[in-house]
Amino acid sequence: MLLTVSTTVRPATDLGFLLHKHPERAQQFAAGTAHVFYPEATVERTTATLLLDIDPVGLVRGRGGGSAVDAPARYVDDRPYAASSLLAVALAGVFSTAMAGICTSRPELAATAIPLRIRIPAVPCRDGGAALAERLFAPLGWAVEARPAPLDPRFPEWGTAPHHDLTLTGTQRLADALTHVYVLLPVLDDGKHYYVGRDEADKLVREGASWLGEHPERHLIARRYLAHRRGLASFALAQLAVAEDVPDESIATGFEPGLVPTEQEPDPASTDSASTDAADVDAADVDAAGAEAEPKRVPLAQQRREVILDVLRAAGAGRVADLGCGDGKLVAALLADTAFTEVIAVDVSHRALELVARRLHLDRMPERVRGRLRLVASSLTYRDARLAGLDAAVLSEVVEHVDPPRLPALAEAVLGAARPRLVVITTPNVEFNVRYEGLAAGTPRHRDHRFEWTRAEFATWVRGLSATYPYTARLGGIGETDPTLGAPTQLAILERQDDR
C-alpha cells in the first residue's frame, strides 16, 4: 500500500520539515508496519513516500462471522494492497503533526499553499470509478487523474478492476491536502475495517469543518464515510450546516451555561514558571481609591484546572497526558510549571491540535519549553503505545462526550493499555444543572454531551473501573457545593496498585 507526496516549492527539501519524519524510522501498527522514506530529495523537487506493509493473516484473525466454507476466501481480498481506511489510519498516525498544520521550523510554510502532487497507485473507486474520484477531489481544487487498472493484463476481456492509479495535483496547504486524502480514501473504498459509531461522525465533522459543508457531494461523502448509517450521516450533515472555519475559542472544554470565561492563561512561550505575580493579583481586588473591591468570581473551568494541577503536583507526576485536550488551556497551565517534565496534548481532532498550537504560540515557543511538549492525534477508545507508561493521564470533561457503549473501550485503552500511575477524571454533575439560569430541566450543559451523570451514577461507574482494573479510587467535587445538589463538577482520582 503506497502513497507519495511531492512538491516543487523552493527549497523542496523543506517538505521533510513539514512532515516531521526521519526516513529511517518505521512506525508499528496493529496490522502491519508503516515506513516513510524519500526516493528523491533535491532543492527543485522532493518526494516523500508512505509505505504501509499489512499482514493479511493478522488482518483477518479475530474476525467473527462467516462459515467454514467461506473462511479461506477472507484471506483473499485487496485489503493488504489497495488504499483504504487502513491507509487513512496510518496517514493520521504517521503524519499527525503535519495534518495539524504544525511546523516549528517552518511555521510560515505550514500556513502557505504550496504546489503538491499526491499519488496513490491502487485506490478502489467502488461504484463510480474515475468519475467518482473527480467528483470528490475536484471541488477542493485538485486536478484529478484516475487511470483504471485491468483485472488481469493477460486477459483484457475480463475488463477493468474497481482500482485506479490516482494522482492529485494542486496548490494546497499540506495540512489540508493530507486531511482531504484522510477523509476521502474511505469514501472511495466505501468500506471501513473498524466499527463505525458516533465518534466517527464527530471525526467527520471536525476534519471536514472548513470544507465539507460546502462540498457538492457532502451527502455522498457522509453516507459512505459513515458506512451508510443514515442516522449518523444526518447527524454529521446537521452539524456541518453550522460548522465554520473555527476560531481559537471554538473548541472548548468545560462549558458553563451562561458564563463567559475571563481568566488570563499563562503563556508558556514567555515563562517556565507557574508562579503568578502577587502584585497583579492584588491589583485585581483593589479599586482606584485603595479600598477592597468585590472579589471576582473564579470560573468553574479555572477551578477545575487548579484542582487537577494540585492533584498532579501532590502525586509527584512528571510525565502527564491531557486526553481530549480540547482548547489547550490545561496544556498551557502544565507547560507553565517545570515540575511537569513532559506534557502530551492528545485529541482525536487534528483541528483541535492546530488550535492548541496556535494558543501556545508554538512558532515562537522557547526550545526549553517546546522540548517538553508533544501533540498526539489519537482516539481515546483505541490502544495507543505512545501513551503507555506515563505518570498521569487527565480526562477532564471528556467522558460525557463518549457514547456510553464506547466507555468500556475508553476504560480499556486508558486503564488497561496505557496504565498511567494516576488518572484524574472530571465530568458534570447533572443534578446541579437546575442551578443554571436558562438551562431547561433535563438539558445537558453542551449539545455534544452524550449523557451527564448523577453523583450516584458516576460513583457506580468509577467503582466498576476499580473492580475491573488495578486502581483504587477517590471521589470528590469541584466548585461551590450545594448541600442538596452537590458540586457542579464531579471528580475521581484513580491510583494504580501494582500488587493487584
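Contact here means heavy atoms within 4.5 Å. The model shown in these views is predicted.

**Figure 1**
Take contacts between residues at least 6 apart in sequence: 74% of them join residues at least 24 apart. The protein chain has 500 residues, and buried residues make up 51% of them.

**Figure 2. Helix H7 and helix H9 cross at roughly 75 degrees.**
Two packed helices are described by the angle between their axes and by the distance between those axes. Helix H7 covers residues 174-189, and helix H9 covers residues 218-225. Their axes come within 8 Å. The crossing angle is roughly 75 degrees, so H7 is roughly perpendicular to H9. Angles of 65 to 115 degrees count as roughly perpendicular.

**Figure 3. Residues of H7 meet residues of H9.**
On the H7 side, the residues are Val183, Leu184, Pro186, Val187, Leu188 and Asp189. On the H9 side, they are Ile221, Arg224 and Tyr225. What kinds of residues make up this contact of H7 with H9? There are 7 nonpolar residues, no polar ones and 2 charged ones.

**Figure 4. Helix H9 has buried residues that pack against other helices.**
Leu220, Ile221, Ala222, Arg224 and Tyr225 are buried in H9. Which helices do the buried residues of H9 pack against? They pack against helix H6 (129-137), H7, helix H8 (198-207) and helix H10 (230-240). Ala227 follows H9. The phi of Ala227 is positive, near 55 degrees.

**Figure 5. Ser378 lies in a loop between two strands.**
Strand E10 (373-377) is on one side of this loop, and strand E11 (392-396) is on the other. Is Ser378 buried or exposed? Ser378 counts as buried because its relative accessibility is 9%, and buried means under 20%. Now leave aside the neighbours of Ser378 within four places in sequence. Ser378 is then in contact with Val346, Asp347 and Val348, and also with Asp384, Arg386 and Leu387.

**Figure 6. Cys103 is buried, and Cys125 is buried too.**
The relative accessible area of Cys103 is 5%. For Cys125 the value is 2%. How many disulfides are there? A disulfide is a pair of cysteine sulfur atoms within 2.5 Å. By this rule, the count is 0 disulfides.

How values were computed
Residues numbered from 1 in each chain as written. Predicted model: local features only at pLDDT ≥ 70, side-chain atom pairs only at ≥ 80, totals over all residues. Heavy atoms only, no water. Helix = DSSP H or I, 4+ residues; strand = E, 2+ residues; numbered from the N terminus. Buried < 20%, exposed > 50% of the residue type's maximum accessible area, 1.4 Å probe, protein only. Axes fitted to C-alpha atoms, helices over the stretch in contact; angles between N-to-C directions. Parallel < 35°, antiparallel > 145°, perpendicular 65-115°, else oblique. Nonpolar A, V, L, I, M, F, W, Y, C, P; charged D, E, K, R; others polar.
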